[in-house]
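The following exercises are to be worked through with the sequence and the structure at hand. Each task is followed by a solution in steps.

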Amino acid sequence: MSVRDMVEKDYYAALGVPKDAPAADIKKAYRKLARELHPDKNPGDAKAEARFKEVSEAYDVLSDERRRREYDEARALFQSGRFSGGPGGFPGNGGGYGSGYAGTGAGGGFGGSSGGINMDDLLGGFGDLFQRQSPGRGPKRGVDIEAEVTISFEKSLTGLEATVRIPGAATCATCNGLGSRPGTMPRTCPVCRGLGVISRSQGGFALSEPCRECLGKGQLIDHPCPDCHGSGRREREQRIRIPAGVADGQRLKVRGRGTPGERGGSPGDLEVTVHVQPHPVFGREGPNLTIALPITFSEATLGASVRVPTLDGAPLTVKVPPGTSSGKRLRAKGRGVPKTGGGNGDLIVTVEVAVPKPTDLSPKARTALQEFALAHPGDPREALMAQLGQQ
């Protein structure tokens, strides 16, 4: 693939993000598309596989700050029309590569007073990007894999070892990873002769691009394996350690547990999203546990020591100060979520004054409340109304 072929591709459009998208948005878009288009999820779908390669190529450039800058600069030059020469090359005498070496600037070439770009400058500035993008048969890092696991609220506080099922991360035992039905073998691609790339000469340069016949694999599978559908990989199980205090939606990375690399390349990583099931009583605010605690009217008015349930089965006692209102938050130190650096968060107890229903009142209790109301005739809304001038 030539420099021109590369910069004429719109990597931003491939990922569905604007040109000024921050790195986080680019990563998010890539992950979403990679999950949808991964060959393991689309066995035998050549269009999905080609699109997966396109998305991977785009992310490979845009995820690197320096390479992204080089790509943007190269595209800006091409789109400005300064490299709009004839077919097969940049502008110059006749529009070909060869004519652009002259420094006369004739015909709007690379050098001279016409404002063109010197070929050495072009290759010096963007050659690294071109070389990195050129496909080859060297080591290739494995693909990162995303997985999910769901655990209970209690286990999120204590930590555990969990089993994660990973699609496409193990060699298929049926075909021994060949991708071909047992008794058959993949055949060498007749177009690229097993190299996975097509080389062509243009303007004195040897340029390469992925073989369209085999999509860069170097082999063709006429009879795909019925179990892995030609991918050569099957689901495997991976045991991972989930630390105490993990939060709902937190992502854990296990290095080297993604898909194996190709041609001696390092394996990808495994990223596991942890889902924590909600608890019927307890909630969580960062390192703190939360609980809503009902108290009686008399406990709120006179104060009391009340018991609070805990997750470890041993209730604790908290003091409710006299005159406590609904919504008051009490704190039990060190009874919350384990912290990464050691220690625990707190247990936040939110007091809720339980108002009895009229049908639950005995005649004696009703009489006592009526006497209380007569003995304390004050209006708790008086100050509020006075602030608004609505007395």
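**Exercise 1: A group of tyrosines**

Tyr11 has a relative accessible area of 2% and is buried. The model examined here is a predicted one.

Task: Determine how Tyr11 and Tyr71 are arranged as an aromatic pair, and which parts of the chain the pair ties together.

Solution. In the pair of Tyr11 and Tyr71, the distance is 4.7 Å centre to centre and the angle between the planes is 25°. Planes under 30 degrees apart count as stacked, so the pair of Tyr11 and Tyr71 is stacked. Tyr11 belongs to helix H2 (residues 11-15) and Tyr71 to helix H5 (residues 65-79), so parts 60 residues apart in sequence are tied together. Tyr71 is buried, at 0% relative accessibility.

Task: Classify the aromatic pair of Tyr12 and Tyr71.

Solution. The ring centres of Tyr12 and Tyr71 are 6.2 Å apart, with 40° between the planes, and the pair is tilted. Tyr12 in helix H2 and Tyr71 in helix H5 are 59 residues apart, so the pair links distant parts of the chain. Tyr12 counts as buried at 5% relative accessibility.

**Exercise 2: A surface patch**

Task: State which residues make the nonpolar surface patch of about 270 Å², and decide whether Leu388 is buried or exposed.

Solution. The patch is made by Leu384, Met385 and Leu388. Leu388 is located in the segment after helix H10 (382-387). The relative accessibility of Leu388 is 54%; exposed means over 50%, so Leu388 counts as exposed.

Note on methods: Residues numbered from 1 in each chain as written. Predicted model: local features only at pLDDT ≥ 70, side-chain atom pairs only at ≥ 80, totals over all residues. Heavy atoms only, no water. Patch = residues over 30% accessible without salt bridge, like charges linked within 9 Å, V, L, I, M, F, W, Y side chains within 5 Å. Areas by Shrake-Rupley, 256 points an atom, 1.4 Å probe, with all protein chains shown as cover. Salt bridge = Lys/Arg side-chain N within 4 Å of Asp/Glu carboxyl O. Helix = DSSP H or I, 4+ residues; strand = E, 2+ residues; numbered from the N terminus. Buried < 20%, exposed > 50% of the residue type's maximum accessible area, 1.4 Å probe, protein only. Phe/Tyr/Trp six-rings, centres within 6.5 Å; stacked < 30°, edge-to-face > 60°.
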